[in-house]
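Welcome! Keep the view open as you work through the steps.

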Amino acid sequence: LDMACQLHWQKKTLTSGMSLKTVTREENELLHVSFNQDHSCFSCGTTSGFFVCDSLPLRERFRREFGNGGLGIVEMLNRCNILALVGGGPNPMYPKNQVIFWDDASAQVIASLNFTSDVKGVRLRKDRVIVILETSTRVYDFENLKLIDQMETFANPAGLCAISTEDNELVLACLGEKPGEIRMDMYTRGHTHTICAHKGPVAQMALSQDGTKLATASDKGTVIRLWDTIHGNQLHEFRRGTHQAVIHSLGFNKLATLLCVASSSGTLHVYSCDPAIENTRSTFSLLAGWVPLAGDSWSVKQFKVPEAHAIAAFGEQEGDRHVIIVLTACGKYYKYSFSRANANDSTYHIESEYFFEKF
């Protein structure tokens with residue numbers, strides 16, 4: 001573990017006003033799976049504790065088996081020893097309205113935040129803690145856990161929120177007060193604005209690492225929209241398909257030139273966000289404006305995922321190949337790699353194994 005990230009808090013309690021449901025394996029159920037900020041690790045909450053794995057190559061870093069309750073949220077801070085935990089499952093280890101800060105180096109609770117309603121999500125960066133409740137999003141200083149900002153939001157049972165990860169730019173995207181709205185807090189630049197992203201409720205969102213690009217999907221799941229967060233302008237609209245689907249995850253690569261989308265359709269889509277690489281266009285694109293969908297921008301790459309309930313993220317590039325890691329609700333790990341140099345190369349390599357059964 002990166003001990004430089006360790007925080008030195010006294011044990012205290014402060015009072016304040018991308019989960020996957022999975023199968024049971026030998027009386028231990030997987031309740032939560034999520035990637036860390038740079039996708040180099042992923043964390044898993046179970047009905048008896050949690051464990052953390054490296055993404056590339058797949059291997060376990062550490063685990064805690066408490067045996068007396070489940071964890072529905074396990075949020076990492078980069079690769080360091082501090083994690084945010086929220087109880088979950090039929091027998092929660094902690095109340096679902098409490099965020100526990102766990103120091104795995106000392107194997108103890110070092111701080112907590114309590115709320116009057118269940119916590120739906122947590123996001124971390126070195127200087128901020130974001131707690132997502134059903135109808136509000138709250139921002140805390142990571143050093144002392146003092147409340148900095150609070151935003152009322154549209155109903156948010158999925159705990160949607162995104163935060164930039166680069167140190168020199170603090171950008172927060174959360175739901176607005178109306179369906180389809182995204183509130184953009186550009187803290188470093190000192191201004192806030194609203195993006196009217198979709199007509200219906202937002203179902204998924206993701207920020208690039210520098211916070212300059214935002215990807216959104218509605219509850220229909222047929223289109224993905226790409227936004228300039230600074231000015232609120234729409235940059236692209238990507239067509240996922242013509243039939244509705246649940247979007248489980250959106251994720252940029254490190255340079256925000258590519259976007260991967262995992263959905264209930266069982267297909268992993270990759271779109272180009274780089275003007276130099278065109279996405280696939282309909283054969284009838286010349287009829288755009290007359291024929292529905294004719295001018296739409298379709299994914300530059302598509303991969304079949306054997307399971308429909310999965311999340312995906314770009315891993316570290318391997319030579320001249322892009323890598324996407326897929327984690328499924330059944331505890332399966334897939335690694336897809338494809339050519340970085342040739343966008344028209346349709347070949348790809350896939351590896352798979354169980355991360356939950358294995359460990």
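A pocket here is an open set of grid points with protein on both sides within 12 Å along at least five of seven lines, and its lining residues have an atom within 4 Å of a point. Please keep in mind that this is a predicted model.

**Exercise 1. Describe the lining of the second largest pocket by class.**

Step 1. Start with the volume of the second largest pocket, which is about 620 Å³.

Step 2. Next, look at its lining of 25 residues; Gln37, Asp38, Gln209, Lys254 and Glu316 lie nearest the centre.

Step 3. Now sort the lining by class: 11 residues are polar, nine are charged and five are nonpolar.

**Exercise 2. Find out how strand S13 is joined to S12 and to S14.**

Step 1. Locate strand S12 at residues 128-133; five bridges join it to S13, and the two run antiparallel. Ile130 stands opposite Val139 of S13. Two residues lie between S12 and S13 in their hairpin.

Step 2. Turn to strand S14, residues 147-152, which is antiparallel to S13 and joined to it by five bridges. Here Tyr140 is found opposite Leu147 of S14.

Step 3. Look at the turn of the hairpin formed by S13 and S14: it has five residues between the strands, and Leu145 there has a positive phi of about 60°.

Step 4. Finally, consider burial. Strand S13 covers residues 136-141, and five of its six residues are buried, so the strand is largely enclosed by the rest of the structure.

**Exercise 3. Which parts does the salt bridge between Arg64 and Asp104 tie together?**

Step 1. Check the distance: the closest N and O atoms of Arg64 and Asp104 are 2.9 Å apart.

Step 2. Arg64 is in strand S6 (residues 59-65), while Asp104 is in the loop between strands S9 (98-103) and S10 (108-114), so the pair links parts 40 residues apart in sequence.

Step 3. Compare with the cut-off for buried, under 20% relative accessible area. Asp104 has 7% relative accessibility, so it counts as buried. Arg64 has 27%, so it counts as partly exposed.

**Exercise 4. Is Arg125 buried or exposed?**

Step 1. Find its salt bridge with Asp127, at 2.6 Å from N to O.

Step 2. Read the accessible areas: Arg125 has a relative value of 5% and is therefore buried, whereas Asp127, with 27%, is partly exposed.

Definitions and conventions: Residues numbered from 1 in each chain as written. Predicted model: local features only at pLDDT ≥ 70, side-chain atom pairs only at ≥ 80, totals over all residues. Heavy atoms only, no water. 1 Å grid on protein atoms, 1.4 Å probe; cavity = no way out; pocket = protein on both sides within 12 Å on 5 of 7 lines; lining within 4 Å. Points joined across faces, edges and corners; volume = space filled by probe spheres on them. Nonpolar A, V, L, I, M, F, W, Y, C, P; charged D, E, K, R; others polar. Buried < 20%, exposed > 50% of the residue type's maximum accessible area, 1.4 Å probe, protein only. Helix = DSSP H or I, 4+ residues; strand = E, 2+ residues; numbered from the N terminus. Pairing = 2+ DSSP bridges. Salt bridge = Lys/Arg side-chain N within 4 Å of Asp/Glu carboxyl O.
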